[in-house]
Each structure stands twice: as C-alpha cells, then as structure tokens.
Amino acid sequence: MASQEATIREFAEQEYRWGFDSRIDSETIPPGLDEGVVRLISAKKGEPDWLCQWRLRALRHWQRMREPTWANLRYPPIDYQQIVYYSAPKSPAGGPQSLDELDPAVRQMFDKLGIPLAEQERLAGVAVDAVVDSASVATSFQKQLAKLGIIFCSFSEAVRRHSELVRRYLGSVVPYTDNYFAALNSAVFSDGSFCYIPPGVHCPMELSTYFRINARNTGQFERTLIIAEPGSYVSYLEGCTAPMRDEHQLHAAVVELVAHEEAQIRYATVQNWYPGDREGRGGVYNFVTKRGICRGARSRISWTQVEVGSAITWKYPSVILRGDGSVGEFYSVALTGRRQQADTGTKMIHIGRNTRSTIVSKGISAGRGQNSYRGLVKVQRAAEGARNYSQCDSLLLGDQCGAHTFPYIEVANPTAQVEHEASTSRIGEDQIFYCRQRGLAAEDAVNLIVNGFCKEVFRELPMEFAVEAQKLLAVNLEGSVG
Amino acid sequence: MGTQQAGDAFLRNLDGLRGHTVASRPSWLGELRGAALGRFTRLGFPTTRQEEWRFTDLSRMLSIRFEPACGGASDGLASEAWALVHALPGPRVVLVDGHFRADLSVTAAGRGIVVDSLCRVLRDSPGLLAPHLAHYAPWREHPFVALNTGLATEGVFVQLAAGAVQEEPVHLVHLWTAAGKARVAHPRALILAEPNSRAAIVESYWGSHGSVSLTNAVTEIVVGRGAVLEHAKLQEEGDEAFHMATVQVHQQSRSSFTSHVVFLGGSLARNEINIRLEGRRCRCTLNGLYWARGRQHMDLRTRIDHAQPACASEELYKGILDERARGVFNGKIYVHRAAQQTDAKQTNRALVLSDQARVNTKPQLEIFADDVRCTHGATVGQIEPEAMFYLRSRGIAERRARQLLIWAFANDVVGRIGLAPLRTAVEQLLTAGDGLSVGPVAGRLP
Amino acid sequence: MLIVKNLHVRVGDKPILRGIDLEVHAGEVHAIMGPNGSGKSTLAQVIAGRDTYEVTQGEVYYEGVPLLEMEPEERAREGVFMAFQYPVAIPGLSNTRFLHAALNAIRKHRGLPELDAIDFLALIREKAAFLQMDAGLLERPVNEGFSGGEKKRNEIFQMAVLQPRLAILDETDSGLDIDALKIVANGVNSLRRPGRAFIVVTHYQRLLSYIVPDRVHVLYEGSIVRSGGKELALELEASGYGGLQRGAARDAAPALP
C-alpha cells in the first residue's frame with residue numbers, strides 16, 4: 001500500500017494555485033487601531049453620523065473584550081496594532097460608475113481567478129459583487145435586478161442609498177457585543193455586499209460575491225447583510241481567495257441574514273483563502289461570524305459551506321429559528337491539510353414551535369491538519385415540537401492529522417426530538433483497492449471516495465458551484481492518498 | 001453568594017481539619033496530602049465559567065457549612081441498603097458516615113485477595129499503598145480529587161493477587177445516617193486487580209432524606225494484564241445529599257473492564273469516570289443510567305483515553321428527566337496518535353418527561369489516529385408516540401403504557417448488569433414508591 | 001360487527017379516504033386490496049385508533065357502538081386487534097412482559113381473572129409452539145433485532161394470545177417468504193371462528209390463496225371502487241390495478257349497502 005500512502009501524501013501537499021500577487025494601485029492607511037482609525041474609515045466612506053457612532057461603540061466594546069480561547073486552535077498571539085485596517089484599490093472619485101471604469105489591473109486579476117466581471121462573459125444567471133481588500137470594486141447585473149425591486153450592491157453603496165434599511169437591520173442578528181471578532185468587524189468593516197429581496201419576489205439569478213485579499217499586512221473585514229421579505233427567495237454564493245504571503249492575514253467578516261415569513265435564503269460559501277505552506281508559514285486567519293434569523297413563520301435559511309482554505313478557520317454559521325415552522329439547515333465540507341486548523345460548525349437555536357433543523361458536517365483531515373466540528377443544538381422551552389437531526393462524519397487521511405467532534409445539545413422542551421450521529425473513519429484500503437482493481441488510479445479512487453463522502457453537501461450547492469467545489473477539493477487533496 | 005466567596009467559606013470550615021483528624025504518617029502520605037491541598041488552594045472550586053463545569057453550578061453546595069462527619073450509629077439506615085448488603089454475601093467494607101465499621105464489615109476473602117479498610121492497611125502494611133495511592137486520579141488538575149487526596153480519612157482497599165479469582169462480588173457500602181448537621185466525607189478507594197485476576201466490585205452509596213451531606217469520593221482502579229473486572233456504582237443518597245465523585249481506571253493490555261453507574265439519589269450528584277486504556281487489546285464497557293426528578297441535578301461524565309492500539313470501548317448512557325430535574329451528560333472519547341485499530345462506540349440517550357426538565361448533552365470525539373472506527377450517537381426526546389400507540393392498541397392503558405415504556409428505556413441499561421442481586425436491587429429501586437409500578441412478570445402486574 | 005359509513009379521513013391538508021362504506025359480519029373474512037397509496041393502511045390505522053389521521057366525516061360502529069370515540073386501548077379491550085405493517089421495536093421491554101401486561105388488561109376488562117406468571121407462560125409457550133416461533137424470541141425485547149418475518153409472526157402470535165373479535169391484518173404478507181407465509185396463514189385460519197371477523201389488507205393476491213376471503217374490496221384513491229367474492233382477487237391478479245378506472249365506471253354503486 002506504499003504507493004497509496006504516497007498518493008495520499010501528495011494529495012495533501014498540493015500547491016496553492018490562486019496565490020499570485022496583483023499589482024494594484026491601492027490607498028492604504030498605516031497599521032494600528034484606535035478611535036481615529038475608525039473615524040477615518042467612516043469618513044473615507046462618507047458615512048452618516050449614526051454609523052460612525054455605532055462603529056465607535058463597537059470599538060469601545062471590543063477594547064474591553066478578550067480574544068476567545070475556547071476553540072480547538074493553536075496560533076501565536078495576533079498583534080492587532082500591526083494590522084492595516086483599510087486598504088482599497090485606488091479609483092476615480094466616487095468609485096467606478098460602471099464596469100468599464102474598472103481599473104484594468106483589477107479586472108485582469110479577476111480574469112486570472114476565473115471570475116470575469118463583464119456581464120456578457122458571465123455565466124447566465126449569476127450576478128457578481130467583487131470585493132478586493134476592503135472595497136467593493138464591481139457589481140454586475142444591478143439594473144436587471146432593480147427592475148424586480150431587488151437591491152444588490154456593495155455595502156457602502158447601500159449605506160449611501162438605502163440608509164434606512166441598513167440602519168434597521170445592521171447588527172440586528174449579530175450585535176457588535178456578540179463576540180470579539182464581530183465587535184472588531186463592527187468597528188472597522190469597510191465593505192461587503194448588501195442584498196434586499198422585496199416581498200414575494202423570487203430572485204431569478206444566483207447572487208454572488210467574490211472576496212479577494214490582495215494588499216500586504218491587511219485585514220479584511222467585510223460585512224454582508226441579506227434581507228428577504230415575506231414570501232421571497234434568494235440564493236447567494238460567496239467565494240474567496242488570497243495571495244501567498246509569508247505572514248498571516250486576518251479576515252474577520254460578519255454575515256447577517258434576515259428571513260421574514262415564508263422567505264427562503266440559501267447561502268453558499270466556497271472558502272479558499274490561502275492556507276499557508278507545508279510548514280505552516282503564512283495563511284489567512286479566518287474568524288467569521290455568520291448568523292441568520294428565521295423571523296417569520298415557515299421561513300427557511302440554509303447554509304452550505306465548502307471550507308478548503310485558511311490556516312485557521314473559526315466559523316459557525318447559525319440559524320435562530322424564531323418563526324413557527326421555520327427551518328434551518330447547515331451543510332458543510334471542511335478540508336484541513338498541510339498544517340491547517342479548522343474549528344467550525346453551527347448553532348441551531350429553536351425558539352418557535354415546530355421548528356426543524358438539519359446539520360450535515362463532513363470533515364476531512366489530511367497532512368498535519370486538525371479538523372474540529374463544534375455545534376450547538378438548543379431547544380428553548382417554548383419550542384414545542386422542535387426537531388433536529390445532526391450528522392457529523394470525519395475522514396482521516398494519514399496518521400499525522402486529527403478529527404474532533406464537539407456537539408452540544410441543550411434541550412428544555414420534552415416534545416423535542418434531537419438526534420445526533422457522528423462517525424470517524426479512515427479511507428478504507430479495501431475501498432481504494434476495489435477501485436484500483438477496476439482500473440482506477442489510487443488518486444482518482446481517493447477523489448471518488450472523498451466526493452462520495454461529501455455528496456450530501458455538494459448536492460446542496462448550485463450546479464456550477466458544486467463542480468467548482470469538487471475540483472477545489474480534488475486539487476487540495478492531490479497527493480494525500482495512501 | 002458567588003462561587004468564589006462560597007468556596008472560601010467552605011475552605012475556612014475545613015481549615016480545622018488539617019493536621020489532627022487526617023493521618024499524615026507515613027511521611028510520603030503527609031507530603032502527598034500537603035501537595036494536594038496546596039494544589040487545591042491554587043485550583044479553587046470550579047465555576048460555571050469553566051467548560052467542564054458549565055452546566056453544574058456549585059454555589060448552593062458551597063454556601064453550606066459542612067462539618068467533618070463523626071462515626072454514626074447504624075440504626076435508621078435505608079432498608080434497601082441492607083437488602084442489597086444481604087443479597088451480596090461476599091466480602092464487604094461498610095463505611096457509616098465516612099467511618100469504617102468493623103462490626104458490619106466482612107473482610108475475609110478468597111486466596112490472594114485483600115479486602116479491608118484503607119486505614120487498617122495504612123497502619124499494618126503501608127507498603128502496599130505507597131506505589132499506587134494517588135498515582136492515577138488527577139489530583140493535580142481536579143479540585144475535588146485534590147481535596148479528597150488532601151483530606152480523605154477513610155476508605156477501602158481491595159487487592160487481587162495475580163491469577164486470583166474472587167467468586168462472590170465485593171461490596172463497598174457507604175451509608176449516611178440521619179443527622180441535623182451538614183456533614184462531609186471524602187471516601188477513598190484503591191482497587192488493584194493484578195494480572196489475570198477476576199472479580200466483581202459493587203460500590204453503593206445510601207443516605208437518609210432530609211439530612212444534608214457531601215460525599216466527595218475518589219476511586220482508583222488498576223486492571224492488570226489480562227484481568228477481568230466488573231465495577232458497579234449505585235448512588236441512592238438522600239434528597240439533600242451532594243455527591244461529587246471521580247472513578248479513575250487504568251487498564252493494562254488484554255484486560256477487560258465493565259462499569260455500571262446507576263444514579264438515582266442526591267440533590268446534586270456528579271460522577272466522572274475516566275478510563276485509560278494503556279495496553280493493547282483492552283476491552284472496556286461503560287453503562288450508565290440516571291433518573292432525576294424533583295429538582296435533582298445529575299451530571300454524568302465519561303472519558304475514555306485510547307492510548308494504545310487495538311482496544312475496543314463501548315458505552316451506553318441513558319438519562320430520564322422528570323419534573324424540574326436537570327441532566328448533564330458529557331462523554332469524551334480521546335484516541336491518541338498511537339492508538340491505531342481503535343474501535344469505539346458511544347451512545348447517549350435522554351428521555352425528557354416534563355416540560356420543566358432540562359438536559360445538556362455533549363458527546364465528544366477527539367481523534368488523532370487514522371485507522372479507527374469511532375461513532376457516537378446522542379438523542380434527546382420524549383416517549384415515542386409510535387411505541388405508545390402500539391402498547392395502547394394491545395389494550396394497555398395510557399398511563400401504564402407510559403410506565404412500561406419508561407421502564408423499558410431504563411431496563412435497556414439495567415438489563416446489562418451481570419450481577420443478578422444488584423440488578424434486582426436496581427429494578428426494585430426503580431419500581432418502588434411513586435416510581436414505576438411495573439414489577440417483574442411474577443405476579444406484580446395489576 | 002363492524003359498520004363503516006361514508007368515512008372521510010385526511011392527514012394534514014391531504015385527503016386519504018374519500019367516503020368508505022364497509023360492513024363486516026361476525027365470522028367473515030374481508031380482504032381490502034389496492035395499489036400503494038390507495039388508503040388501505042390508513043383505513044386499518046383509523047379503525048385501530050391512530051390519532052395522526054383526522055376523520056372529517058362519517059362514522060364507524062363496532063358491535064353497535066361508535067368506535068371513533070374510543071381510545072385505542074378501549075378498542076383493543078373490546079376485541080379490536082391490528083397486526084401492524086411496521087411493528088415498532090421497544091428496546092428494554094421483553095415480549096413476555098409486554099404481552100402479559102396487555103393480556104391481563106384485556107382480561108380484567110372482560111371480567112376474567114388475571115393470569116399469573118405460570119399460567120401465562122404456559123399459554124404463550126403453547127401459542128409460540130403452534131406458530132413455530134423460537135421460544136428465544138419471547139424473552140427478547142419487543143421486536144428489537146427481529147427480522148421482517150419474525151416481526152410479522154410475532155404480530156400473529158400476539159393475536160393468538162389476545163384472542164380478538166375483530167382482527168385487522170395490515171400487509172402481514174409483505175416481507176414473508178413462502179414458508180413463513182404458510183405458517184402465518186395457518187395461524188390465522190386456525191383462529192377463524194363464527195364469532196370472529198378478519199379484515200386482511202394486502203397488495204397481492206398471494207396471501208388470499210391461503211386465507212380465503214368471503215368478500216374482496218378494491219380500494220383506489222381513497223374509495224372502494226369494486227367489491228366482490230374471492231374471485232375478484234384472482235381477476236385483479238390477472239389484470240392488475242391498471243384497469244381500475246374502467247372498473248370504477250362499471251361498478252359505480254358499491255355492492256354493499
């Protein structure tokens with residue numbers, strides 16, 4: 001089986017293909033964080049005073065908080081004063097008014113990433129908002145969406161043009177007091193995406209945001225807010241990459257989703273930040289707070305994530321099931337190779353009656369990766385008839401990695417039915433042998449087996465994203481077979 | 001009162017203890033006690049801000065002024081306790097209010113087997129204890145284990161020589177008498193099963209309703225190469241009792257250890273059982289049942305460390321929560337890098353019968369080896385409507401169908417207890433009083 | 001013995017039964033046939049008292065008493081027995097203890113003395129032997145780890161012990177091989193009495209070769225579209241359920257009042 005082991009090893013040690021550095025003319029402020037920096041960010045974005053004050057309250061709260069240590073993650077202390085909190089590609093005053101005004105270097109970078117921004121080149125049915133470092137650089141298909149009353153724009157633009165909506169919902173799902181990284185984000189977030197679906201509207205295309213960290217020593221702190229009015233539907237995709245750097249880059253995003261009565265939000269992420277090299281040099285520290293609230297009856301929020309990048313992942317996309325009969329779902333594939341560490345999972349908070357949630361988590365550990373699932377299923381007293389089903393499976397490739405499962409189940413209503421299953425196993429030699437006996441290369445066999453292992457999650461992704469995710473997984477697994 | 005202040009008050013009460021009531025000779029023991037108390041002072045009492053104690057708040061317990069227990073009379077003891085004592089005719093050590101009662105104990109045992117009070121062994125042959133006492137239980141990390149190590153005044157010693165077979169189960173009985181004062185005892189047990197020995201050991205804890213007591217127990221067990229040990233722990237203390245316990249088990253290669261934990265009594269009761277599989281090809285089976293009613297708080301923890309290859313562990317813990325009770329389960333399976341070919345299975349189920357009851361469950365897997373098969377399953381729910389309908393459709397009334405199904409839920413664990421007298425005693429405790437009126441087939445059915 | 005009048009049943013918003021009329025007399029065996037999803041099992045479950053179904057219209061009389069107002073256990077004590085299509089497993093509760101509780105509840109209701117353990121064990125051993133059931137199954141938890149065939153046999157065994165007046169067999173033949181089918185059918189036939197009626201719910205004619213029915217009813221989309229003698233089952237076997245629409249047109253009025 002020596003050759004199989006070699007294949008598994010190679011699989012885990014594949015080079016990062018998105019690690020190029022683009023020379024984009026940027027406007028960057030010096031590192032460090034204090035009230036002056038927050039005011040500067042707010043001023044640069046021409047924000048109203050209420051938002052500046054909100055940021056300052058968040059900053060003061062953050063300054064009193066301590067970085068959490070409960071996660072199953074080891075990393076050297078982060079010096080928050082060495083990070084640059086604002087960097088944006090330089091552009092004509094007021095930002096590009098159309099895609100034609102976009103800096104050619106930015107466009108070239110996205111072309112290189114395989115994300116053409118020009119609308120005629122886009123796959124039909126996907127509108128893109130591209131965010132580089134801290135600023136949104138291009139949003140496509142806006143006009144077409146506007147005809148349906150859908151707002152899809154950068155967060156900055158939303159603050160300027162839909163201030164009341166932003167003010168009503170910002171921090172309503174993830175308050176700045178929520179946790180250390182959410183507080184930090186609330187103080188310094190620079191851009192992100194905003195999306196509003198009016199009542200009864202079924203958004204006809206996938207909305208997508210593509211995030212790219214480019215500048216050095218720069219933190220990225222984007223903020224996404226999606227509001228689905230009663231009876232509406234939206235499917236949202238998020239992708240991310242970063243250049244290869246020796247130093248670590250901090251990414252602390254916040255995503256808030258609000259689903260009103262009978263609304264449905266599907267949120268999919270393919271996270272491919274730079275994971276660092278084999279020795280653990282460099283890589284993105286990804287501390288993300290994602291949460292949705294099913295406010296209305298029979299509303300539905302589903303999170304799907306494919307996490308293959310980042311040196312550190314700390315992320316628990318959650319659903320607060322407040323509306324009666326609302327549904328929360330979490331589907332996750334997390335791959336940790338090299339020296340990557342992931343502590344990820346979800347929280348399902350059942351408040352309303354007859355609320356249902358499903359959790360499917362697939363963790364794959366290879367190389368020296370450490371993969372932890374951490375989840376909370378909480379059924380509150382009033383959540384009559386709540387149901388949860390959780391399944392957490394881990395696959396180990398190699399003997400230097402680890403898989404960990406920390407599910408918390410808290411039930412305060414006797415009519416709840418909560419079911420949790422977990423398993424950990426290694427990729428079966430007999431499975432690989434079976435495939436090889438039928439003529440497949442060991443590496444293809446591993447790919448097939450891993451894809452089969454992740455099938456329940458990939459099924460939840462929009463088609464072309466699912467194909468992307470499979471390729472990404474294959475590339476990240478290349479050379480880790482054994 | 002916050003936990004910290006309560007803890008300080010608790011400690012001040014205990015200060016008087018140091019030095020005089022606690023044996024500090026031979027010198028290694030004195031040093032150990034000093035180190036453990038020093039460690040305890042540094043650790044302090046746990047608070048709900050600590051992950052391992054998040055759902056178990058000790059502040060009420062720590063606000064009570066406990067006094068060290070004096071030896072009590074044997075009258076007024078639970079009749080169930082004596083029923084079990086008489087049903088188990090083998091060797092036994094009886095501690096009443098934490099004090100050894102030679103008159104109630106039977107220390108004669110089979111060839112190569114020692115069953116005795118810890119103090120007597122300490123007096124007569126301390127050399128037996130020195131290489132083992134406090135070598136296993138984590139007194140450096142765990143405040144209650146540290147406290148016990150520092151303050152234990154009495155306990156039990158069981159030793160099975162290599163190849164020795166103890167036919168009758170050994171019974172270690174802990175009784176609290178009725179009293180007006182709040183009392184504390186730190187019973188300690190050391191059980192050494194040397195290679196290829198075989199025995200069954202029952203620890204039972206009993207009390208009286210209305211009397212406040214704190215049992216802070218530590219049991220250390222070594223299961224030698226090829227030895228087979230069955231250990232059962234039954235806790236049926238009074239409704240005002242606090243019970244904090246750690247059972248620490250070290251298994252050597254090819255040994256087999258089976259544990260049954262049944263928690264029915266107490267106001268606040270916690271049991272931690274830690275198994276270290278330190279040799280190859282060990283087998284370990286953990287069964288647990290708790291039934292909490294009223295305002296009882298039960299916290300059951302298990303941790304299995306697979307440190308060596310080719311060991312198998314299987315675990316089934318079940319809890320029944322009624323009225324305003326609170327149940328906490330935490331089960332961890334930790335597979336170390338060397339522990340290839342581990343086969344570990346954990347199942348945890350909670351049955352919630354009342355809308356005032358609450359349960360917190362946290363099964364954990366931490367796995368660092370790749371050639372393993374580990375699974376855990378946890379469910380929380382009420383009585384299944386399908387099962388209820390099935391019974392009713394056969395003519396069984398709703399209330400009784402409910403009782404039968406609760407019984408079935410519990411019996412799934414109780415039925416695994418191999419020692420018939422103990423199993424019968426547990427069945428009777430479960431069906432007594434306002435519990436389940438579902439007797440065995442023989443005649444007790446209405 | 002059993003009269004069903006214009007029974008309408010739904011689950012949630014979905015109507016399942018749309019006006020069933022059926023009359024079963026003591027001593028008769030009625031077969032209810034029909035394709036999957038036609039409502040056969042629903043009818044069985046409603047008669048047994050399953051509360052997940054909502055009766056929106058109609059009545060059911062058992063021995064002249066309105067059945068729908070009775071709790072499931074009252075129905076059982078009055079002699080209604082359903083052999084479940086999917087018997088539930090109850091870990092921790094032995095078959096013996098379960099059945100002893102059930103039998104004594106029914107005997108008490110009928111004013112009979114309760115059976116003590118010895119008489120009870122003798123009774124169940126006899127019944128088990130008759131059904132060629134492994135005695136080991138008696139001490140196992142109810143239906144836990146039973147094979148499909150063992151579960152079905154266990155249902156018939158319970159019927160033999162509880163001696164009902166109206167027995168409803170819900171797809172008891174599914175999942176049985178031919179030998180097991182014969183044993184089950186034998187058991188049922190041996191329980192046929194002038195005072196006892198059977199409703200046999202089945203998808204296939206196969207079982208009806210062994211348990212010969214007096215009447216056959218065809219259920220389609222929630223209604224009885226045809227009724228007839230035992231030859232109807234054979235006809236269905238030959239033509240399948242495909243021709244039901246035509247049949248429905250030809251036989252619009254149910255054969256029974």
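In this predicted model, domain 1 and domain 2 of chain B together bury about 980 Å², of which 88% lies on carbon and sulfur atoms. The two domains span residues 3-279 and 389-446 of chain B, respectively, and their contact involves 15 residues of domain 1 and ten residues of domain 2. Within the area that domain 1 of chain B buries against domain 2, L84(B), H260(B) and L264(B) account for 33%, more than any other three residues. Between these domains zero salt bridges are counted, and one residue pair is found in polar contact. On the domain 1 side, two or more residues are given by each of α4 (79-87), β9 (198-206), β11 (228-236) and β13 (256-263) of chain B, with the largest share, four residues, coming from β11(B). By class, this side of domain 1 comprises eleven nonpolar, one polar and three charged residues.

Between chain B and chain C, about 2,600 Å² is buried, 63% of it on carbon and sulfur atoms, and the contact draws on 29 residues from chain B and 36 residues from chain C. Four salt bridges are found across this interface, including that of E73(C) with R392(B), in which the closest N and O atoms are 2.5 Å apart; ten residue pairs in polar contact are also found across the interface of the two chains. On the side of chain B that touches chain C, α7 (385-392) and α8 (398-414) of chain B each supply at least two residues, and α8(B) gives the most, with nine residues. The residues of this side of chain B divide into 17 nonpolar, five polar and seven charged.

How values were computed:
Residues are numbered from 1 along each chain as its sequence is written. Chains are lettered from A and ligands numbered from 1 in the order in which they are written. This is a predicted model: local features need pLDDT of at least 70, side-chain atom pairs count only at pLDDT 80 or more; totals for chains, interfaces and linings use all residues. Side-chain values use heavy atoms; hydrogens and water are left out. Contact means heavy atoms within 4.5 Å. Buried area is the accessible area (1.4 Å probe) that two parts lose on being put together, summed over both. A salt bridge is a side-chain nitrogen of Lys or Arg within 4 Å of a carboxyl oxygen of Asp or Glu. A polar contact is a pair of N or O atoms within 3.5 Å; within protein, one must be able to donate a hydrogen and the other to accept it, and residues adjacent in sequence count only if both atoms are side-chain atoms. Ala, Val, Leu, Ile, Met, Phe, Trp, Tyr, Cys and Pro count as nonpolar, Asp, Glu, Lys and Arg as charged, and the others, Gly among them, as polar. Domain bounds come from an automatic or database domain assignment.
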